[in-house]
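Reader: I'd like to know how the labels on a model like this get handed out. Could you take me through a few of them?

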Amino acid sequence: MPTLAPTYWPSARQFAEAIQCPALCFSNPHLRDTLPAVDRLGMPLVTSGQFAYVYKLKPSGGGAYAVRCFRSHLGDRERRYQLIDEHLRHHRLPALAGFAYEPQGILVNGRRFPILSMEWIEGPTLDVYLDEVMGRRDVLLHLADEWLRLMQSLREAGVAHGDLQHGNIIVEHGALRLVDLDGMFVSAMAGWQAVEMGHQHYQHPSRAASFFDASLDNFSSLVVYLSLISLAERPELWAEHHDENLIFTKSDFVAPDASALFEKIKGIGPEQRRLAEALEVLAQSQPLDALSVLELVERKEKKKLPSWMVAPQGMEIAGRTREATPAEAAALGATTTQWASWQPKRASRVLPSTPGSSAVQSVFSGPALAQSAPAAPHVPRDPSDIGANALFYSKELAKKTAVLWWVVLVVFQDIPASIFDLTEFAALMLTIIFGVASILIYGLGRATIEARAAQKLNSSLGRPSALPPAANSPHALPFWLWNMPATSAQPMPVAHAVQTPPPLPPAAALASPIVGSRVLAIYHLPTCEWALKISQNNCVDFRSAAAAQAAGYHPCQVCTP
């Protein structure tokens with residue numbers, strides 16, 4: 001059933017207002033513990049694209065996230081991202097930024113809207129980078145070779161990006177990475193229509209929505225490659241033809257015979273002439289007939305080393321950004337930000353608030369709240385203990401619906417003193433019984449779903465299913481030890497006939513298996529509700545919390561692993 005388009009969608013100003021208070025606007029707890037990067041006017045730093053506003057969020061533990069807030073409704077956007085995620089689970093592409101689609105990710109004016117949370121790739125876009133290194137032939141030829149490597153990886157994975165252009169290409173330590181996956185094609189989308197036509201100065205002039213298959217990038221990949229090798233030999237072309245492009249424009253593709261740029265490129269050398277003539281022919285043919293740059297260029301394999309190890313020296317440049325530095329923020333009158341980490345609701349009844357700052361003005365901003373007394377250590381629940389979990393969730397629901405019980409008492413406060421008036425008394429009893437039964441059914445259903453999800457997670461991670469210890473065991477093991485792999489060095493403790501407790505196992509044996517998210521660099525307990533939402537493509541498994549921390553991951557604030 002198609003999704004109906006909403007009658008209301010936030011404006012850029014409304015998104016910016018909501019972003020200023022992450023603790024309230026985001027549903028993901030890891031995004032709540034962030035503050036937006038600000039520009040030199042003290043407003044949230046934003047990059048506007050054709051389909052989304054992109055904000056940079058900085059967590060208290062370091063690093064950064066990118067959050068894409070969509071500019072309008074696209075009916076099948078969620079389904080497209082699901083198919084992309086499923087495809088990339090089996091074809092890991094380091095060049096693509098990891099992402100997580102959240103249908104109810106952000107709260108704006110009392111309504112929730114979808115967002116895309118992504119890893120923040122630190123590096124300049126291709127056009128900014130070229131502007132800094134123009135004149136260095138070795139650097140541009142290295143980028144051309146990296147471009148062929150990137151196109152080969154996309155072909156092997158059976159995907160097409162759909163909008164290859166300078167703004168979607170990031171240069172990170174000598175390697176090329178791609179962002180903005182809205183128009184991506186995967187095999188499961190065969191027969192679909194494209195949702196965007198791509199940048200006009202990189203696409204075939206006859207491209208239409210019906211042209212949507214694995215050859216989607218053939219034309220634009222040749223445009224980028226030919227631009228790089230031409231600029232490597234003739235850097236003056238950059239000053240003569242660069243604007244909102246590299247050097248080619250749509251008019252060059254529409255009328256190649258009248259293009260002065262094509263004549264200049266043909267005069268550079270035989271390789272440039274050959275590829276320029278091929279591009280002229282492709283621009284005058286049908287989009288489906290476009291050949292890939294991989295079919296026109298013979299690529300020489302380099303040694304299997306990271307690109308930054310084979311890149312020319314001095315490739316790193318200082319990226320230009322509108323983000324205000326701490327010194328600039330101080331010059332604006334901003335005080336040093338005091339981070340107050342978001343706490344889950346069950347640990348504190350005090351509503352979290354974004355710390356006050358003159359650099360981030362918002363009606364929600366205020367002074368940092370005083371830290372409450374430390375909560376009791378979180379005790380993980382056994383997902384296979386359906387009875388105990390059903391009671392736990394039933395109690396939670398009963399607390400949340402306490403107001404409803406007061407309403408029931410008010411409605412029936414006029415019950416006669418005589419208990420023999422069975423009409424109103426029976427109605428009251430039936431109401432109470434129905435309410436209690438509904439709460440118990442809710443708790444049982446949620447506990448059952450949690451148990452199945454935990455069993456499914458164990459299966460996907462290759463772990464044995466959790467089996468409860470014998471009922472007569474006087475020393476039942478904690479549930480987080482049931483899935484520990486047995487080794488000769490650390491044997492699992494067994495029940496003793498005597499009532500004295502056995503000696504505790506070493507601390508290393510108590511380490512719980514940990515699940516991490518590549519996108520947010522957060523690690524969780526396997527039974528955490530947020531761990532169950534991590535896609536297989538973005539999921540990484542650690543043997544312990546120490547191993548996750550050594551890899552640069554931060555602990556989840558919900559399950560507190």
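Author: Let's start with handedness: a crossing is left-handed if the near helix is turned anticlockwise from the far one by less than a right angle, and right-handed if clockwise. Helix 7 passes helix 11 in the left-handed way. Helices here are DSSP runs of H or I with at least four residues, strands are E runs of at least two, and both are numbered from the N terminus. This is a predicted model, where local features need pLDDT of at least 70 and side-chain atom pairs count only at 80 or more, while totals for chains, interfaces and linings use all residues. Residues are numbered from 1 along each chain as its sequence is written, and side-chain values use heavy atoms, with hydrogens and water left out.

Reader: At what angle do helix 7 and helix 11 pack?

Author: Helix 7 (residues 218–233) and helix 11 (residues 270–284) pack at about 150 degrees, and their axes are 10 Å apart. Those axes are lines fitted to C-alpha atoms over the stretch in contact, with angles from 0 to 180 degrees between N-to-C directions.

Reader: Why is helix 7 called roughly antiparallel to helix 11?

Author: Under 35 degrees counts as roughly parallel, over 145 as roughly antiparallel, 65 to 115 as roughly perpendicular and the rest as oblique. The angle is about 150 degrees, so helix 7 is roughly antiparallel to helix 11.

Reader: Which residues of helix 7 and helix 11 meet?

Author: Contact means heavy atoms within 4.5 Å. From helix 7, the list includes Phe219, Leu222, Leu226 and Ile229, and from helix 11 it includes Leu275, Ala276 and Leu279. By class, that contact has 11 nonpolar, 2 polar and 2 charged residues. Nonpolar means Ala, Val, Leu, Ile, Met, Phe, Trp, Tyr, Cys and Pro; charged means Asp, Glu, Lys and Arg; the others, Gly among them, are polar.

Reader: What makes helix 5 "mostly covered"?

Author: Buried means under 20% relative accessible area with a 1.4 Å probe and protein chains only (exposed is over 50%, partly exposed is in between). In helix 5 (residues 126–133), 6 of the 8 residues are buried, namely Leu126, Asp127, Val128, Tyr129, Leu130 and Val133. They pack against helix 6 (137–157), strand 7 (169–172), helix 7 and helix 8 (236–241).

Reader: How do the axes of helix 5 and helix 6 cross?

Author: They come within 10 Å and cross at roughly 155 degrees, which means helix 5 is roughly antiparallel to helix 6. The crossing is left-handed. Leu126, Tyr129, Leu130 and Val133 of helix 5 make the contact with Val139, Leu140 and Leu143 of helix 6. That gives 7 nonpolar residues, no polar ones and no charged ones.

Reader: How do you know that strand 3 and strand 4 pair?

Author: Two strands pair if DSSP finds at least two bridges between them. Strand 3 and strand 4 (residues 65–70) have 6, in the antiparallel sense, so they pass that test. In strand 4, Phe70 is the bridge partner of Ala52. The two strands form a hairpin with 5 residues between them, and Gly62 in the turn has a positive phi of about 100 degrees.

Reader: Which sense does strand 1 take when it pairs with strand 3?

Author: Strand 1 (residues 34–36) pairs with strand 3 in the antiparallel sense over 3 bridges, and Leu35 has Lys58 as its partner. Strand 2 (residues 46–48) is also antiparallel to strand 3, joined by 3 bridges, with Val46 opposite Tyr55. As for cover, strand 3 (residues 52–59) has 7 of its 8 residues buried.
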